[in-house]
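Here's a quick tour of one model, with a focus on helices and aromatic rings. Have the coordinates open as you read.

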Amino acid sequence: MELSVLWLQAAVMGVVEGLTEFLPISSTGHLILAGSLIGFTGEIAKVFEVAIQTGAMLAVIWEYRSRLGATLSGLPARDPWAWRFARNVVIAFIPAVVLGLAFGKFVKAHLFHPVPVAAAFIVGGLIILWVERRHRRLFGAMDLAGERRARIESVDDMDALDALKVGLIQCLALIPGTSRSGSTIIGGMVLGFSRKAATEFSFYLGIPTLIGAGAYALWKQRELLSWGDLPVFLIGSFFAFLSALICIRWLIRYVSTHDFTVFAWYRIVFGLLVLLTAWTGWVDWSA
């Protein structure tokens, strides 16, 4: 394969990762589809898809650099706000580490097939529709518009138990097609978070989760890689960073005036698309 074609494929995959990582639509499913369509498959491609999540996470770090910097500077000074925020992120991160290491191989072996992926898309879409209907009934057409207020209006309102619950819900994303962002955002809303608080905490929780997953994938598969693969990974990560930055800024504005219903219907349609492409043999979802 020509180097220029490989670099173009890496850029396309980076854009797909950045645009889908933070939306409740499953970046993994979209990366599999995009990789199959453009011929970017194989063992190294699997490592690539996990590793470029770091680029998307760097976009979160850049966008929220002031808050993250204040947290880091507040930890040595034992600032209660900084310690509470850091504690909540760490607590929410731990379940993904434990359950990911325990069940990661089982999930890949038994659930990374067309029917489970499609089912996760469709069921996830139906759950979003239910949660949004419930959220509107409790809090009005949009957050804070009704007589009642969300229990967690800001990530600063969270306690350790809230963080643990969100962390456990994030583990549902081990199931292909579920969506890490979808699990944490919609799960947070079920727990009484405002859309904005649930979305922002999903961003923060993604930093250790996805950077850790990327580092683990690179270390585990290091024998497959060479220094010649570095430009491809850097290109993918760079475009993941740029597209994720655009997506993050758009999503925060979006949730202030919209709900997630459109993503629910998108998931349902996409789930049906997974079944169709698998049945016709157009996409090899086990690749």
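This is a predicted model: local features need pLDDT of at least 70, side-chain atom pairs count only at pLDDT 80 or more; totals for chains, interfaces and linings use all residues.

What follows covers the ground rules, the annotated spans, a helix pair, and then the aromatic contacts.

## Ground rules

Residues are numbered from 1 along each chain as its sequence is written, and side-chain values use heavy atoms, with hydrogens and water left out.

## Annotated spans

An unreviewed UniProt entry lists "transmembrane region" for residues 85-104, 110-131, 201-219, 231-252 and 264-282. Positions are in the numbering used here, feature names are shortened, and such annotations may be inferred rather than shown by experiment.

How do two of these spans look in the model? Residues 201-219 are 100% helix and 0% strand, with 27 Å between the end C-alpha atoms. Residues 231-252 are also 100% helix and 0% strand, and here the end C-alpha atoms are 32 Å apart. Helices (H or I, at least four residues) and strands (E, at least two) are DSSP runs, numbered from the N terminus.

## A helix pair

Helix α1 (residues 3-20) packs against helix α2 (residues 27-38) at an angle of about 160°, and their axes are 9 Å apart. Axes are lines fitted to C-alpha atoms, for helices over the stretch in contact, and angles run from 0 to 180 degrees between N-to-C directions. That makes α1 and α2 roughly antiparallel (the label for angles over 145 degrees).

## Aromatic contacts

The structure holds 14 aromatic pairs (ring centres of Phe, Tyr or Trp, the last by its six-membered ring, within 6.5 Å; planes under 30 degrees apart are stacked, over 60 edge-to-face, the rest tilted). Tyrosine 64 and tyrosine 204 make an edge-to-face pair, 5.1 Å centre to centre with 70° between the planes. Tyrosine 64 is in the loop between α4 (53-63) and α5 (65-74) and tyrosine 204 is in helix α10 (residues 195-220), so the pair ties together parts 140 residues apart in sequence. Tyrosine 64 is buried at 12% relative accessible area, and tyrosine 204 is buried at 3% (buried means under 20%, exposed over 50%, partly exposed in between, with a 1.4 Å probe and protein chains only).

## Charges over rings

The charged end of arginine 65 sits over the ring of tryptophan 62, 4.0 Å from its centre (CZ of Arg or NZ of Lys within 6 Å of the ring centre and within 35 degrees of the ring normal). Arginine 222 lies over the face of tryptophan 219, at 3.8 Å from the ring centre.

Definitions and conventions: Angles under 35 degrees count as roughly parallel, over 145 as roughly antiparallel, 65 to 115 as roughly perpendicular and the rest as oblique.
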